[in-house]
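Visitor: I would like to go through this model and ask what stands behind the labels.
Guide: Here it is.

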Amino acid sequence: MERGSGRLSRRRDDEMKHQLQGLLRSGHPTRTEEWHDPEPQADDDPEVPSSLVTSDRFEALRLELGRHLARTPFPAHRGDLIRVLRERHAPDPLTELVSGLPGDRTYHSVQDVAVAVHRP
């Protein structure tokens with residue numbers, strides 16, 4: 001018999017093991033609250049055009065641009081953006097994407113730059 005000051009009694013310890021048995025066997029929670037369940041799509045929900053849904057790749061590009069161009073004074077031209085990216089040691093692939101933009105266009109925000117870079 002072990003003599004020690006345990007936080008839980010042996011009976012409580014066995015009870016907790018029994019409660020966790022389903023979780024340990026299945027690998028995912030076995031009980032959920034009703035409000036955790038996602039609601040199914042209703043028949044009268046409006047269709048969301050796929051062009052309005054942003055892809056993960058676009059979001060990653062926009063966040064990366066925002067991280068390096070955060071305090072850039074906008075409006076800016078392609079040359080200004082490239083200069084700022086190089087000064088702030090942005091990754092070369094990001095600088096190459098921005099250098100592929102048209103030089104005669106003025107960009108008013110990071111969002112404008114991300115949209116222009118992401119467009120095929």
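Visitor: Which residue just after α3 takes a positive phi?
Guide: His89 does, with a phi of about 55 degrees. Keep in mind that this is a predicted model.

Visitor: What makes up the secondary structure of the protein?
Guide: It comes to 5 helices and 0 strands. Along the sequence, the pattern reads α-α-α-α-α.

Visitor: Which residues of helix α3 are buried?
Guide: In α3, which spans residues 78-87, Leu81, Ile82, Val84 and Leu85 are buried. They lie on the same side of α3, because the arc they cover around the axis is only 165 degrees. An α-helix has 3.6 residues a turn, so residues three or four places apart point the same way.

Visitor: What do the buried residues of α3 pack against?
Guide: Their partners are α2 (56-68), α4 (92-99) and α5 (110-118).

Visitor: Why does Arg86 count as exposed?
Guide: Its relative accessibility is 58%, and exposed means over 50%. Arg86 therefore counts as exposed. The residue is found in helix α3. Arg86 is 18 residues from His68 in sequence, and their C-alpha atoms are 9.5 Å apart in space.

Visitor: Why does Thr95 count as buried?
Guide: Thr95 has a relative accessibility of 8%, and the cut-off for buried is under 20%. Thr95 therefore counts as buried. The residue sits in helix α4. With neighbours within four places in sequence left aside, Thr95 is in contact with Ile82, Leu85, Arg86 and Ala90. Of these, Ile82 and Leu85 are among the buried residues of α3, whereas Arg86 is exposed.

Visitor: What share of the protein is buried, and how much accessible surface does the protein have?
Guide: Buried residues make up 18% of the 120 residues. The accessible surface comes to about 10,300 Å², and 50% of that belongs to carbon and sulfur atoms.

Visitor: What share of contacts between residues at least 6 apart in sequence join residues at least 24 apart?
Guide: The share is 51%.

Terms used. Residues numbered from 1 in each chain as written. Predicted model: local features only at pLDDT ≥ 70, side-chain atom pairs only at ≥ 80, totals over all residues. Heavy atoms only, no water. Buried < 20%, exposed > 50% of the residue type's maximum accessible area, 1.4 Å probe, protein only. Helix = DSSP H or I, 4+ residues; strand = E, 2+ residues; numbered from the N terminus. Arc of directions from axis to C-beta. Contact = heavy atoms within 4.5 Å. Areas by Shrake-Rupley, 256 points an atom, 1.4 Å probe, with all protein chains shown as cover.
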